[in-house]
Amino acid sequence: MNKRILIKEAFLLVLLLIVTGSAWAQSQVTLTGTVKDNKGNVLSMASVSVKNSVIGTYTNDDGEYELKVKSGKLILVSQLIGYETKELEIDTRKQTKIDITLTETGFNLQDVIVVGKSQEQQLREGAYTVSAVDIKSIASSVTNLNDLISRSSGVKVRTEGGLGSDFELSLNGLSGNSIRYFVDGLPLSSKGNGVNLSNFPINTIDRIEVYKGVVPSYLGADALGGAINIITKQEKTNFVDASVSAGSFSTYMADFNSQFVLNKTGIILRPQFSVNSSKNDYKVHNVEVWNSETARYDTVTRKRFHDDYFNAMVQLEAGVQNKKWADQFFVGGSFTQTNKEIQTGTIQSIVYGKAERKQDAWNINMKYKKDNFLTEGLSLNISASHTWDHSLTIDTAYARYNWNGGYQYKSSNEMTSRGRQYRHYKRPLTIIRANFNYALNNHHSFNLNYMLNRTGNKRYDTASDYYPESEIDGTFTPSEDLLSKQVLGLSYDQSLGKDGRWVNSFFLKDYINHVRVEQTDLAWITGSNKVPSTTTKNNLGGGVGSRFTIFEPLSIKLSYERSVRLPQARELLGNGSTTYPNLALEPEKSHNVNIGLFGNIQPSRKHLIYYEFTAFYRKVTDYIHLRVNESDGTAQYFNVNDVTSKGLEGEIRYSWGRWLQLTGNLSYQESRDMERYLENGNESATYKNRIPNKPWLYSNIDLTLNKYDLLSQGDRLRFNLLYQYVHWYYLTWESYGYLPNKARIPEQNVFNASLTYSWQQERYSLTLTCDNVFNKLSFDNYKLQKPGRTFMAKFRVYIR
Amino acid sequence: MKKFKFLALAFSCLLVGTMFNSCSDDDPVVPTTFTVAPDAGTDIEAAGGSLNVTVSSNANWTAASDAEWLTVSPTSGNGNATLTVTATENTDYESRTAHVKFNFNGETASGSTDLTFTQAGKEKPAAPTYHFDLLASVGATTGMSSTGVTSYLIRSVEPGDLVNPNYSISYTGIGADIKSAELESEAVIYKGYYYEVAPKGNSWYGKYLINNEGATTIARFEMGSSVFQTRKYAHAIIAENEFVFIGSDKASSKGSQNNIVWSKVKDNGTSFTLEGEGVLDLTSATKDLKEGGIVSFSTSGLAKYRPSDNTIIYCFTDKATDAAPGIYIAFIDAATMEIKNVINETRIDEMAGTAFGELQQDKMFMDENENLYIACGNQIPETSKSTQQYGRLIRVNKGEYDTDKNYLGFDKYDSGKILTVDYMGNNKVMMYIQDPYYCGLASTPTEYKGWGQNEFNSYYAVYDIATGESTELTFDGKTLPYSCGSFTDRVSYYNGKCYVGTCPDETTGNLPTIYIYDVETGSVTKGATLASGFYFDRLSVVDNVN
């Protein structure tokens, strides 16, 4: 680690702490109250805001709100979809408890886009292409988060198999490292590398924000293609939220999520626990087994036999809220453990029977939040986290398995055909984030964000503890990398015109990448003679977003970002054996442009149509690409110029009161190879060809029906039907070779259905889901079959 | 039939003359007669030739052909005559016809008649018994997917098209996409079929038919106890349809221990039989050459079968960090797979290449006398990288269990790394040689510049084993454009001709082109070109399959 950088980081941290520790802001008025409907029922998720300002909040589940405002006269606005907007003129010097009553307009739109965002966020995000998937209201019905996110337009999740299987999420055509994941603004990797969208405890989630292309600076990410931010629930009262699920293929899941406020001290405890496990022993069809009697391969159907998955997560947070010195201060710790058996290679005919992967991670973290810090309108948000992440890949069996579950001895391991491996990866991760937001007045606010992300990558092998020297993989050499990156972001948001009909956002990001490399061997390959052993690189990015509402049924959104993704340790430094370092690797850069039209149309009182159409364009330069040398299996990451992705997507939602909601979306993407020249300088035959093995046309149709007060007051029966369509696509370049015999990933038509009955105001709910109702063969990757018809039952208790 | 028609015609002319005659019997006028009769029919051979036609008449006449290829002589006369009709050679496969028109003008009558001549078409040649397969890769360098997006394409081309300089070979909508078929581009090509072991990590020996419409599986057989690694095996054909595969049991061996396993596989047409398998005990067999014997072997090595003493000659290297210089050659009894002898050849640093066991590139050859030549290389002195080499040929003479220490081929040259060798008979070898200095990419023979596999640093030369002279291939008095590709083999020898493909810098206006070297005359002609934008990797002669 470069000393100067370390000192810089330490200095900044100390500065933040000093600043944090100094005087707390001036006094302010806190407005409180309850929002109710005409009948006196409390209304949660109603917005309460100060007109023509960025100050606002949402009511909690008990309809209560709390809002800090300047003292004096102001207009308080309360809104909730399905209710008429109410404006109240008040003088906070006279009155600080204000109850609001809203009148029902007769329809109830469960609009997933605007639900649950604070006014500040709405202002900031309003100009970006973002869709928020509301989880809180449907958490009872959901058993798989990946499935849910996959319903959004422009999002495609390709999974290899059942619960816990590897997946790849793509956002408007970019995937993998181009996309960054966050939990409450902190990188998801802080929970450990074993935690991802497929096993994140659903009940703890409030909503998921999906940023397509342009990523706001306050997330502090070096993302290229977008970001996914999981927002967890922040309740103020005691609650216990527990659920258990069981289903096909011996799948069991349990979530426990709770909050206890200790009366005497006001200390809040948030214990969380979740466990997921599955045998994933679904049937695979048309697999081949060798018949030694006939000396032929028989085509058969078999159950998967080595795909057990187990994941557990424990978390405890403790802290205080609404103190003079902190709006929020929490310290916490978590532990996760994931065990996963590996059944197949990249194609279904390569079967494993012993290989497995284990991951565990310990994490400690703190977060601190204070509004009106030092001065009015300035809010501070600091998080720090350290994770001890450890993963282990065990590939020690000298066996070649087949779909009968039997095996034949061979003198190399299963996955890499080398010696026995007990491979450890230790990736300690430190993250520090500091965010300052300053609202100058009702129309202008500034945001400064700093994020430090330091990752180590240590690889070693312990097979020699268990096996003789002659059998361990001698081609492996241990390695240790260290990579530190810092992202500094500054943004300015403005809200112009009446009721903020024109919203603009401008931001700048500075990416600082620091690498230290000791190795100097193989300089002609690694380029270590071309770059100094310690490098610190600065890259500047930035963008602008704008939203203009012409009238309610028509708004226009436009955003642009010049984004940068810094190379990862693996890409820069190789893996110590088969992947050579490339120290001259440049960060990936891209131009992201989004143009969108959206609006609400309300033909009559109970009918509402929402639509959104977006066009996007991404042009990536210095795209980091792994180039494999076919002759000896070695590889190296290189910068490749010009990969573009453009596309169109549209979504239409129709709701009829609160009883029916129908959503349809369609995404079309054009990803073409824009690299004109081959390495040897000749013009490439694939120039302008569609990138193979990528879905480019897909659609979802989602129908929800609700029936209220069916058996008792306050109960609800919810039926959901989802149809997912993916157009077939070629595995390889589509222009070349005899087309009728080229490999394709076939068209997918999958129906998922779920039925949820909840009673006592969602206190209890029972859900039955059936995925892949018609038991169709489906694939996301070539010949890797996904599960057939799958049943799940989920019971949830939510006590407040 | 035709003959009858003409006779009838002649008869009718005669009749016409007589009729006129009968109208005026006052004058002693001789009636006009005119008859034509072919002496030997009207059919002409394809090669051309002459036929005679007899004219019997008492009138003036003229004769004319309506086709250029048929001439008649004389073209006019008076009274009886014999005419000669001559046809040139018919170079088409279709037959053709022409008419000779006669006009006569006599005292009592005039008129015309004609004869039709038919010339047979050229005899159709027998359909060729072989074709060429051209392997090209596409999309090697780009893509947004983390997995590779390279496609390997095999395109079959008829011999007549390959030698046609106006023919362009395209892959658009035609050819076998090898990745689509879950196959490797590296294969044993034998009697029209492709044989692969463990393609894409699968567990079988496979036999495939590959043509312009894709790949078809003909036979498969599950690997037994000898488990081979994808692409990492050498092969020897020890009898008709009988293969020996030799390779590493691990995917990599650098600094690590591995075994060399073997198997004998017989192809019965649509099925295989596993005739035997086992481990080559090269560790014991090298105990005299290295303390404890070698334990870390190159993954594929090179193998060749020597029929006269039923021996497989297997070349390999020691991959241990303490390896002695040079290469090792094992002599294996093909019947028992017992190792008869292992020697260490230290005059050279390494073999020209062993990565795919000659699945992709020809690295060794046997002459008419069963002497085996192996392409090798030595590092150029004072260079920084071990791959900067000059080439050498070593030789194992017929019946011997050691290399010929008195022979070292290509030793007149101290630059030029031999990438592929193809024996053309009569001591002539087509060599594909990588030499950035010779190709003008490096300023000195020792500079590390221009050695990349995508640089245009290689040329073709005919090497004469007897004289030790190497002559760069030329066309039209000029050398061929330099090619790129270190793992390519675009050379195929067949029946007196050597087919050589270039992969040139297309920005200079050159396309990948086939050149045909005639071994007997030494002449070079230009053949078909390949569509631009591909990496042209391999050219193979493949037997047609009925």
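Buried residues (20 or more other C-beta atoms within 10 Å of their own, C-beta atoms being placed from the backbone) make up 46% of the 546 residues in chain B. This is a predicted model, where local features need pLDDT of at least 70, side-chain atom pairs count only at pLDDT 80 or more, and totals for chains, interfaces and linings use all residues. Residues are numbered from 1 along each chain as its sequence is written, while chains are lettered from A and ligands numbered from 1 in the order in which they are written.

**Exercise 1. Work out how domain 2 of chain B meets domain 3 of chain B.**

- Step 1: get the bounds, which come from an automatic or database domain assignment. Chain B splits into domain 1 (2-119), domain 2 (223-358) and domain 3 (361-546).
- Step 2: the C-alpha centres of domains 2 and 3 of chain B sit 25 Å apart.
- Step 3: count contacts (C-beta atoms, placed from the backbone, within 7 Å). Domain 2 of chain B puts in 21 residues and domain 3 of chain B 25 residues.
- Step 4: On the domain 2 side, S25(B) has the largest share, four residues.
- Step 5: sort that side of domain 2 of chain B, and you get nine nonpolar, three polar and nine charged residues. Here Ala, Val, Leu, Ile, Met, Phe, Trp, Tyr, Cys and Pro count as nonpolar, Asp, Glu, Lys and Arg as charged, and the others, Gly among them, as polar.

**Exercise 2. Describe the contact between chains A and B.**

- Step 1: chain A brings 59 residues and chain B brings 58 residues.
- Step 2: on the chain A side, S37(A) gives the most, with five residues.
- Step 3: that side holds 22 nonpolar, 25 polar and twelve charged residues.

**Exercise 3. Decide how far to trust chain B, using pLDDT.**

- Step 1: pLDDT is the predictor's confidence in each residue, from 0 to 100. Chain B averages 89, and 93% of the residues score at least 70.
- Step 2: for the complex, the predictor gives an ipTM of 0.81 and a pTM of 0.81.

Notes: Contact = placed C-beta atoms within 7 Å. Helix = DSSP H or I, 4+ residues; strand = E, 2+ residues; numbered from the N terminus. Buried ≥ 20, exposed ≤ 12 C-beta atoms within 10 Å, placed from the backbone.
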